[in-house]
Amino acid sequence: MSNRYSKSDLLTPLKSVFGYTAFRPLQEEIIQDSLAGKDVFALLPTGGGKSLCFQLPALVRPGLTVVISPLIALMKDQVDALRSNGVPATFLNSTLDEAERRERWRGLHQREYKLLYLAPERLFAGTMIEELQRWGVACVAVDEAHCISEWGHDFRPEYRQLKGLRERLPETPFIALTATATTRVRQDIMGQLHLRDPSLYVASFNRPNLSYRVESKTGAYRQVLEFVRRRPTECGIVYCASRAGADSLAAKLREDGVKAAPYHAGMEKADRAKTQERFLRDEVRVVCATIAFGMGINKPNVRFVIHHDLPKNIEGYYQETGRAGRDGLPGECLLLFSPGDVAKQIRFIDEKPDPGEQQVAREQLQTMVRYAECPGCRRRTLLEYFGENYDAPNCGACDNCLAPRATYDGTVAAQKLMSCAYRIRQRSGMNFGLNHVVAVLTGSDSERVRQCGHHELSTFGIGKEHSRNEWGAIARELIGQGLLAQSTGQFPTLELTSAGAKALKERRSIQLTKPREAVRERSDKAGDIACDQELFESLRQLRKELSDREGVPPYIVFGDATLRWMSRLYPTTEGELANISGVGALKLRNYGSAVLGVIRTHLRSQPRQEFEPTSGVSSGERPAKTRGELLIPSVLETLRMYREGGDLDSIAKSRGLAASTIAGHLSTAVEAGERLDWSRFFSASELADLRRAFEKSPEAVLTPIHEFLGGRFTFEQLRVFRALYAAGQAGPQPGQPRAA
């Protein structure tokens with residue numbers, strides 16, 4: 001076990017089994033140390049490739065690797081993915097019937113498996129420990145290892161039993177893996193598991209493919225709906241503060257044609273499982289969830305995460321946003337922020353019975369609010385919270401870097417606020433809360449202000465030019481600049497700092513930031529793979545068919561990144577397809593013929609697109625072509641047969657081509673300026689339904705439109721209509737007479 005493996009020993013299975021040609025950061029070092037028999041602790045961010053760190057060693061070392069996993073859904077997902085790559089893996093849990101359980105035990109006794117997934121409580125049930133000792137366990141991998149620590153964000157008492165496993169398998173190397181853990185939690189994990197002089201690997205917390213944006217919550221449902229509609233083929237999660245909020249939001253989205261479902265702890269277990277399964281299978285596009293929807297959501301192609309309400313702390317926010325873009329493709333993170341949400345959170349905190357918990361929760365909330373209101377780079381703010389420096393002057397993927405907020409001379413406003421806090425302290429000999437200071441500034445005639453005699457202060461009513469919310473934002477910015485300080489007790493108070501007193505005395509100029517204007521979304525996204533979007537959609541349809549046939553989520557067949565590379569490089573032979581990242585030997589054998597068929601069919605009617613020789617930003621839009629380039633001989637022949645009375649099916653049959661190819665020819669002809677009669681394809685009522693559907697989907701991507709219309713139209717019909725609609729040939733506009 002102590003022999004070091006060569007690079008080729010690892011790269012061969014990496015490509016042949018998993019379909020990759022290179023390791024992600026720290027993976028190779030972690031794998032080498034584990035294979036050398038060392039204990040390892042690995043902290044890799046979500047999407048950083050933790051699973052490969054124990055899966056690949058399991059293939060090259062003799063014996064069985066036991067994986068401790070906290071969730072049944074997570075076990076099944078990983079075992080399905082391994083089996084799709086030809087890896088003999090299994091799990092034992094309560095979902096198995098007696099016949100399945102016996103069959104898997106038989107396979108374990110005969111050493112047929114390389115990986116066995118178990119829940120921690122299963123370890124000490126019956127004779128499991130004794131059996132493991134007989135099965136030749138070569139490594140124990142503890143996934144989601146933060147669950148063992150009381151200081152972690154998801155402590156699970158049953159994980160405490162794992163220290164007993166180390167006692168029973170003293171010579172077996174352990175590897176503990178997690179995505180989020182503070183220094184304190186790391187030390188606790190290593191101590192609880194009795195790791196021996198472990199190799200410690202901590203990757204960067206930076207997720208460069210994620211963009212971060214904060215918007216003022218001005219109409220939350222409208223903001224969510226517009227965001228989702230602008231991404232008609234993408235799936236995502238919307239986090240809500242309450243169960244009722246998740247139910248209500250999901251219902252409203254469904255009414256507006258979005259395939260959405262709720263998920264929260266108040267639902268029946270079977271209903272939660274159904275929502276999760278439908279989301280994994282791309283049958284639900286948006287899950288509206290509380291924080292109960294979390295660990296174990298191993299869906300790599302989540303393209304966006306929206307926080308409908310303010311998270312309680314930065315750790316939760318980071319973990320939840322981290323569920324976007326696990327495949328390395330772009331992910332968008334939107335937080336809707338309002339001072340009202342802060343007030344709600346404070347009320348919840350005040351209801352906590354433990355004063356210590358209250359103080360910690362207030363500190364965490366203040367940090368979250370400072371993030372939401374910070375004028376600087378959000379990525380830098382996040383990383384600094386986790387103790388990591390980010391030196392780049394502009395991350396290029398957060399709202400504050402893409403459109404820096406304008407500053408203004410806020411000296412007068414700052415002086416008024418700081419003076420008011422000072423005068424209140426001077427008059428009463430104590431500090432008061434922010435709301436009270438603002439009440440004095442704005443001239444509130446409240447009983448509390450009069451009781452304290454603060455209506456007699458020189459600063460009473462001098463700040464009526466700003467609303468209470470505006471003064472609150474100014475105060476929080478001055479706190480961020482160190483000019484004011486806010487305590488963290490049950491009744492947080494506002495205090496002028498020594499730096500603030502000096503700035504006030506010297507009448508120092510103070511710059512403040514203006515409220516954010518709406519930031520225009522970028523069409524280019526960091527980490528995106530420019531590709532032929534039409535081909536990508538066709539391959540997505542094929543992937544869904546294959547995954548439905550095999551009863552697995554679509555991403556287990558191929559990830560989005562793999563499909564995008566196929567749609568960029570146009571492989572037409574098995575050799576070319578094998579070179580695509582994510583295509584291993586078994587997937588090539590199982591799916592290669594079908595994939596190549598779709599690509600070849602596409603190329604019969606559509607020319608190859610050219611892309612910049614870089615993996616950088618690109619919109620992926622097809623370059624404009626001339627009429628002569630569009631009207632190739634095959635398109636002209638289809639157009640001739642159409643004008644002689646042929647329809648899609650008859651022309652396809654006559655020419656021996658697929659109906660999709662003929663639809664492509666007719667669409668191309670329309671793009672070149674040829675006119676077609678829409679009434680030969682659709683009735684007037686069908687035309688009206690199609691118009692409504694396309695108006696709801698400005699990007700005119702066919703798959704969601706097909707779903708929205710209940711499958712009443714074929715993709716060929718939709719493709720022709722899209723061309724007519726774009727060219728202004730899809731009948732008269734409502735209220736206009738039809739042209740003669």
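This report describes a sheet, the helices on it and some aromatic rings in a predicted model.

## Basis

Residues are numbered from 1 along each chain as its sequence is written, and side-chain values use heavy atoms, with hydrogens and water left out. Because the model is predicted, local features need pLDDT of at least 70 and side-chain atom pairs count only at pLDDT 80 or more, while totals for chains, interfaces and linings use all residues.

## The sheet

Strands of a sheet pair through backbone hydrogen bonds, either parallel or antiparallel. Here, an open sheet of 7 strands has parallel pairing and the order 3-4-2-5-6-1-7. Strands (E, at least two residues) and helices (H or I, at least four) are DSSP runs, numbered from the N terminus; two strands pair if DSSP finds at least two bridges between them. Strand 3 (89-92) and strand 7 (199-202) are at the edges with a single partner strand each, so one side of each has no neighbour in the sheet. From one strand to the next, the twist averages 15 degrees.

Strand 2 (residues 64-68) and strand 5 (residues 137-142) run parallel and are joined by 5 bridges. Leu64 has Val137 in strand 5 as its bridge partner.

## Helices on the sheet

Helix 3 (residues 52-60) lies across strand 2, strand 4 (115-118), strand 5 and strand 6 (174-178). Helix 3 runs at about 140 degrees to strand 4 (axes are lines fitted to C-alpha atoms, for helices over the stretch in contact, and angles run from 0 to 180 degrees between N-to-C directions). Helix 9 (residues 183-192) also packs on the sheet, touching strand 1 (40-43), strand 6 and strand 7; contact means heavy atoms within 4.5 Å. The direction of helix 9 makes about 150 degrees with that of strand 1.

## Aromatic pairs

The whole structure holds 17 aromatic pairs. Rings of Phe, Tyr and Trp (its six-membered ring) pair if their centres lie within 6.5 Å; planes under 30 degrees apart count as stacked, over 60 as edge-to-face and the rest as tilted. The ring centres of Trp105 and Trp135 are 5.3 Å apart and the planes are at 70 degrees, so this pair is edge-to-face. Trp105 lies in helix 5 (residues 98-109) and Trp135 in the loop between helix 7 (128-134) and strand 5, so the pair ties together parts 30 residues apart in sequence.

Trp105 is buried, with a relative accessible area of 14%, and Trp135 is buried at 2% (buried means under 20% relative accessible area, exposed over 50%, partly exposed in between, with a 1.4 Å probe and protein chains only).
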